[in-house]
Amino acid sequence: CTEGGSEMRGLVADDEEGIRNVIREYLEFDGHTVAEAANGAEAVSLCRMQKFDFIVMDIMMPVMDGFAACREIRRGDPSVPVLMLSARGEEYDKLKGFQLGIDDYVVKPFSPRELVARLGAICARSARAQDGGAVRPAAFGGLEVDPAGRSVRVDGRAVPMTPREYDLLFTLVQNKGIVLSREQLLRKVWGNDFLGDDRTVDTHIKMLRSALGPYRGFIVTMRGAGYKFEAV
């Protein structure tokens, strides 16, 4: 997770000590400090006591599973990058994780080097996203998007979004009227080093449309081409 060569502090939550040890060793070799939790409840407790730059979270853990732990942690720190681990690769797990706002997903068994690389990518993207920029708010009827404040309002009501949903919406709004392919959206929102497939875009578009409610139609599907933002 090195961003500009700086040391970061991460949390690894997994009920298997061997997996925690391997991840910790690779991250420490990469120059980072790592705290450990053996279950979701311990992870939540640690996050309430200190701030982490990234979190690696297993799904299947005793006391409190990774989904519940991630939900609690996001309430206190909605922007911390989270990479989820799972022994299963079902689409349901991925969808539920993305709905909770996780940034990436790795299925066990995994390559520790790949995991560290993925963490580096999501930490870099998170840092760029939080930079904000000096882009002015935009309004399309009852839909308001504020890039600097990273907020979205629908008919005057603030709409909670995951960091990835917001980045996807802002990218589409920024390119209003322009069709962006799934590959282009992956590069712009997830980064060139994203290792997943383009179905991730479809999953997030579905969640984004749900969040926009009456303005879901502003995100137009161009069959065989991609998506575009078009306020009608």
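These legends go with a set of close-up views of one predicted model.

In this predicted model, local features need pLDDT of at least 70 and side-chain atom pairs count only at pLDDT 80 or more, while totals for chains, interfaces and linings use all residues. Residues are numbered from 1 along each chain as its sequence is written, and side-chain values use heavy atoms, with hydrogens and water left out.

**View 1. Helix 2 alongside helix 3.**
Helices (DSSP runs of H or I, at least four residues) and strands (runs of E, at least two) are numbered from the N terminus. Two packed helices are described by the angle between their axes and the distance between the axes. Here helix 2 (residues 40-49) and helix 3 (residues 66-76) have axes that come within 8 Å and cross at roughly 10°. The axes are lines fitted to C-alpha atoms, for helices over the stretch in contact, and angles run from 0 to 180 degrees between N-to-C directions. Helix 2 and helix 3 are therefore roughly parallel; angles under 35 degrees count as roughly parallel, over 145 as roughly antiparallel, 65 to 115 as roughly perpendicular and the rest as oblique. On the helix 2 side, the contact (heavy atoms within 4.5 Å) brings in Gly-40, Ala-43, Val-44, Cys-47 and Arg-48, which meet Ala-69, Glu-72 and Ile-73 of helix 3. Sorted by class, that contact of helix 2 with helix 3 has five nonpolar, one polar and two charged residues. For the classes, Ala, Val, Leu, Ile, Met, Phe, Trp, Tyr, Cys and Pro count as nonpolar, Asp, Glu, Lys and Arg as charged, and the others, Gly among them, as polar.

**View 2. Helix 7 against helix 8.**
Helix 7 and helix 8 pack at about 75°, with axes 9 Å apart, so they are roughly perpendicular to each other. From helix 7, Arg-182, Leu-185, Leu-186 and Trp-190 meet Thr-200, Val-201, Asp-202 and His-204 of helix 8. The class tally for the contact of helix 7 with helix 8 is four nonpolar, two polar and two charged residues. What do the side chains of Arg-182 and Asp-202 form where they meet? They form a salt bridge at 2.8 Å, N to O, the rule being a side-chain nitrogen of Lys or Arg within 4 Å of a carboxyl oxygen of Asp or Glu. The pair links distant parts of the chain, with Arg-182 in helix 7 (residues 182-190) and Asp-202 in helix 8 (residues 199-212), 20 residues apart. Arg-182 is partly exposed, with a relative accessible area of 23%, and Asp-202 counts as partly exposed at 25%. For these labels, buried means under 20% relative accessible area, exposed over 50%, and partly exposed in between (1.4 Å probe, protein chains only).

Glu-36 lies in strand 2 (residues 33-37) and Arg-24 in helix 1 (residues 17-29), so the pair ties together parts 12 residues apart in sequence. Glu-36 is partly exposed at 27% relative accessibility, whereas Arg-24 counts as buried at 19%. Asp-167 and Arg-164 sit three residues apart in helix 6 (residues 163-174), so about one helical turn separates them. Asp-167 and Arg-164 are both buried.

Four strands form an open sheet in the order 6-7-8-9, with antiparallel pairing; two strands pair if DSSP finds at least two bridges between them. Strand 6 (138-140) and strand 9 (157-158) stand at the edges with a single partner strand each, so one side of each has no neighbour in the sheet. Strand 6 and strand 7 (residues 143-146) pair over three bridges in the antiparallel sense, and Phe-140 has Leu-143 in strand 7 as its bridge partner. Helix 6 packs on the sheet, touching strand 6, strand 7 and strand 8 (151-154), and its direction makes about 105° with that of strand 7.

**View 3. Strand 4 and Ser-86.**
Strand 3 (residues 54-58) and strand 4 pair in the parallel sense over four bridges, with Met-57 opposite Met-84 in strand 4. Both faces of strand 4 are covered, Val-82, Met-84 and Ser-86 being buried on one side and Leu-83 and Leu-85 on the other. Ser-86, in strand 4 (residues 82-86), counts as buried at 1% relative accessibility. Not counting residues up to four places away in sequence, the contacts of Ser-86 include Asp-58, Asp-93 and Tyr-105.
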